[in-house]
Amino acid sequence: MTKENLAIEIIERLKKEYPDAACSLDYNDAWKLLISVRLAAQCTDARVNTIVPLLYEKFPDVNALASAEIEEIEAIVKPCGLGHSKARDISACMKMLRDEYDGNVPDTFEELLKLPGVGRKSANLIMGDVFGKPAIVTDTHCIRLVNRMGLVDNIKEPKKVEMALWKLIPPEEGSSFCHRLVYHGRDICTARTAPHCERCCLADICAKNIKK
């Protein structure tokens, strides 16, 4: 089976297994997703979802956060880890949205990458989830799973994995595919325990099993 055919088969099976897969970060505005994805670095989405309501209660919009002292932001987001650097990035990002984008989140990949604290993973998440554009989010689940499955060959650098997947995954499938990998990575193809291959919908086509 070619990698292209393997990719299509994996996409279809994961669709059946996780038909309603979506971003696990809670948000109702694009700027809030920007903040949540920054806070999610080295932190669980579940914890981020418990912290951000406290942040928005005190600072309800872009302008309020842009005007806030970094120390005020840090005091709230500290439970997410790396509190000072995350607060600094959030402050700088909100200032840039206020001053250069009229309070709105830009809708191009290149402009998103100019925002403080926004890398390729965050920019892709915004492009796919907020603007419905082609996106591939190479988080730790994605990188681990596509290597195990055989879609990429021992590639761990996020950008290189992303570039390899762009050649295999139909553009309209990329965002949903990556969300389904998160679900599958949490439930079945886990990182901290042996993967549960005995109940995996991909077991018969997964390179990890075939190579045994």
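**View 1. The loop between H2 and H3, with Gln42**. In this predicted model, Gln42 is found in the loop that lies between H2 and H3. The backbone of Gln42 has a positive phi of about 55 degrees, although this residue is not a glycine. With a relative accessible area of 75%, Gln42 is exposed, because the cut-off for an exposed residue is over 50%.

**View 2. The loop between helix H9 and helix H10, with Asn154**. Helix H9 covers residues 140-149 and helix H10 covers residues 158-166, and Asn154 is found in the loop between them. Phi of Asn154 is near 55 degrees, which is a positive value in a residue other than glycine. Asn154 counts as exposed, its relative accessibility being 66%.

**View 3. Helix H2 and the elements that cover it**. Helix H2 runs over residues 30-39, and ten of its ten residues are buried, so this helix is largely enclosed by the rest of the structure. A residue is called buried here when its relative accessible area is under 20%. The buried residues of H2 include Trp31, Leu33, Leu34, Ile35, Val37 and Leu39, and Lys32, Ser36 and Arg38 are also among them. What covers the buried residues of H2 includes helix H3 (45-58), helix H4 (62-67) and helix H5 (70-77), together with helix H6 (83-100) and helix H8 (120-129).

**View 4. The whole chain as a set of helices**. The secondary structure of the protein comes to twelve helices and zero strands, and the pattern read along the sequence is accordingly α-α-α-α-α-α-α-α-α-α-α-α. Along its principal axes, the C-alpha trace of the protein spans about 55 × 30 × 30 Å. A compact globule of 212 residues would have a radius of gyration near 17 Å, and the 18 Å of the protein agrees with this. Among contacts between residues at least 6 apart in sequence, 60% join residues that are at least 24 apart.

**View 5. Burial, surface and charge over the protein**. Of the 212 residues of the protein, 51% count as buried. The accessible surface comes to about 10,500 Å², and carbon and sulfur atoms account for 51% of that surface. The protein has 30 positive and 31 negative side chains, and the centres of these two sets lie 8 Å apart.

Notes:
Residues are numbered from 1 along each chain as its sequence is written. This is a predicted model: local features need pLDDT of at least 70, side-chain atom pairs count only at pLDDT 80 or more; totals for chains, interfaces and linings use all residues. Side-chain values use heavy atoms; hydrogens and water are left out. Helices (H or I, at least four residues) and strands (E, at least two) are DSSP runs, numbered from the N terminus. The radius of gyration is taken over C-alpha atoms; the globule rule is 2.2 Å times the number of residues to the power 0.38. Buried means under 20% relative accessible area, exposed over 50%, partly exposed in between (1.4 Å probe, protein chains only). Contact means heavy atoms within 4.5 Å. Accessible areas come from the Shrake-Rupley method with a 1.4 Å probe; for residues, only the protein chains shown count as cover. Lys and Arg count as positive and Asp and Glu as negative; His and the chain ends are not counted. The place of a charge is taken as NZ of Lys, CZ of Arg, CG of Asp or CD of Glu.
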